[in-house]
Amino acid sequence: MNIDGSEQVQVTDAKKGFALNPRWSPDGTKLIFQSSKKDKKDADLYVIDADGNNLTQLTINKSYDGQPYWTTDGYIYFVSDRGNDPGNYQIWRFKYGV
């Protein structure tokens, strides 16, 4: 989108869920974000090319996985209540692209 708001481009599909907390990959070619689908109560992490192609789900868990952060050494850190009681959030990480 231009600074005046013209030429907007929607990157994600709202019909597939609510996209929140987008973060750029270290090389600036991808976005990671959390998504909550309308029919689910949890959230998962997804990655997509900056142009909106190649949507990939990264986490599949019956927990809240959100607020991702992508480091320059290829790790993705996120908040989750997986492995704990619902609502008991901890910080988790995994290496992306290995």
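Modeller: Two strands pair if DSSP finds at least two bridges between them. Strands are DSSP runs (E, at least two residues), numbered from the N terminus. The model is predicted: local features need pLDDT of at least 70, side-chain atom pairs count only at pLDDT 80 or more, and totals for chains, interfaces and linings use all residues. Residues are numbered from 1 along each chain as its sequence is written, and side-chain values use heavy atoms, without hydrogens or water.

Biologist: In what order do the four strands of the open sheet lie?

Modeller: Follow the pairing across the sheet. Strand 1 is joined to strand 2, strand 2 pairs with strand 3, and strand 3 pairs with strand 4. The pairing is antiparallel, and the sheet is open, with the order 1-2-3-4.

Biologist: How many bridges join strand 1 to strand 2?

Modeller: Strand 1 covers residues 18-24 and runs antiparallel to strand 2. One partner pair here is W24 with L31 of strand 2. The bridges that join strand 1 to strand 2 number five.

Biologist: Which residue takes a positive phi in the hairpin of strand 1 and strand 2?

Modeller: Go to the stretch that links these two strands. The hairpin has five residues between the strands. A positive phi near 75° belongs to G28.

Biologist: What is the bridge partner of I32 in strand 3?

Modeller: Strand 2 spans 30-36, and strand 3 spans 44-49. These two strands pair in the antiparallel sense over six bridges. Within strand 3, the residue bridged to I32 is V47.

Biologist: And in strand 4, what is the bridge partner of V47?

Modeller: V47 is already the partner of I32. Now cross to strand 4, which pairs with strand 3 in the antiparallel sense over two bridges. There, V47 has as its partner T56.

Biologist: Is strand 2 mostly covered or mostly uncovered, and how many of its seven residues are buried?

Modeller: Buried means under 20% relative accessible area (exposed is over 50%, partly exposed in between; 1.4 Å probe, protein chains only). Strand 2 has a paired strand on either side: strand 1 and strand 3. Strand 2 is mostly covered, and of its seven residues the number buried is five.
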